[in-house]
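Let's take a quick tour of a protein model. Have a look at the sequence and the structure before you read on.

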Amino acid sequence: MEDVRKWRQKAAIYRLLAKFYAGDLSAGQEAAVRIGALLGISPLVPPVDDEGRHDFNRLFVGPQKLLAPPLESYYRNEEHLPMQEETMAVRAAYGEAGLELIAQNKIPDDHAQFEFYFLSCLLEAVCRYQGEALARQAAEAYRRFLQEHLLLWVFAHLRAVDKGCSSTYCREVAGAIYHFMRWEKEAVSHEV
């Protein structure tokens, strides 16, 4: 099992990414800095400005058609519709871990903010219950969720961000997320 320090670093990054996708743009910059420290890279994310805020809304919020919807179901079903079977599968994964969203049926369960938050919770449980069966269960749920959900759509989402963004801020945050998710994909593909 990875060392606890690395699990904590990843949990903090996932928590910041959840905040970023929930609309706290400064969390995106902090996540990029932490990703850089973890991976030994130097993302050049400028401070959030009006251009970055406008771009964030065009990409992820609206009111126009979203350029990079942060929803698993958008990338995993042919109709690109939210609240489909992919959303229900994510909801079931949360339920298996004993979690239920307060915002259920307001924001789809497969929104990036919730998927990143869920992964942070699982990693925090691994750290909190180190050496116990619960830690092993949380670690397995974390790997399974990455493989069965996030890693199946996040790269398409990040390509859409790169294609649709106009600000250096959003492009650099997305680039840092891309490097982190590639690193995560590599790590889970080598685990037995």
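This is a predicted model: local features need pLDDT of at least 70, side-chain atom pairs count only at pLDDT 80 or more; totals for chains, interfaces and linings use all residues.

We'll start with two helices and then head inside.

**The α1 and α2 pair**
- Helix α1 covers residues 4-21 and helix α2 covers residues 25-39, and their axes sit 7 Å apart.
- The two helices pack at an angle of about 155°; angles over 145 degrees count as roughly antiparallel, and α1 and α2 are therefore roughly antiparallel to each other.
- Where they cross, α1 passes α2 in a left-handed way.
- On the α1 side, the residues that meet α2 include Ile-13, Leu-16, Leu-17 and Phe-20, while α2's side includes Leu-25, Ala-31, Ile-35 and Leu-38.
- Sorted by class, this contact has 10 nonpolar, two polar and five charged residues.

**The nonpolar core**
- The largest nonpolar core has 60 residues, and Tyr-14, Phe-20, Phe-116, Leu-146, Leu-150 and Met-181 have the most contacts inside it.
- Helices α1, α2, α3, α5, α6, α7 and α8 each give two or more residues to this core.
- The top contributor is α7, with 14 residues.
- Leaving out residues up to four places away in sequence, Phe-20 touches Leu-25, Ala-27, Gly-28, Phe-56, Phe-60, Tyr-169 and Val-173.

**A buried glutamate**
- Glu-184 belongs to helix α8.
- Its relative accessible area is 0%, so Glu-184 counts as buried.
- Beyond residues up to four places away in sequence, Glu-184 touches Lys-10, Tyr-14, Tyr-142 and Leu-146.

Terms used
Residues are numbered from 1 along each chain as its sequence is written. Side-chain values use heavy atoms; hydrogens and water are left out. Axes are lines fitted to C-alpha atoms, for helices over the stretch in contact, and angles run from 0 to 180 degrees between N-to-C directions. Helices (H or I, at least four residues) and strands (E, at least two) are DSSP runs, numbered from the N terminus. Angles under 35 degrees count as roughly parallel, over 145 as roughly antiparallel, 65 to 115 as roughly perpendicular and the rest as oblique. A crossing is left-handed if the near helix is turned anticlockwise from the far one by less than a right angle, and right-handed if clockwise. Contact means heavy atoms within 4.5 Å. Ala, Val, Leu, Ile, Met, Phe, Trp, Tyr, Cys and Pro count as nonpolar, Asp, Glu, Lys and Arg as charged, and the others, Gly among them, as polar. A nonpolar core is a set of buried Ala, Val, Leu, Ile, Met, Phe, Trp, Tyr and Cys residues joined through side-chain atoms within 4.5 Å. Buried means under 20% relative accessible area, exposed over 50%, partly exposed in between (1.4 Å probe, protein chains only).
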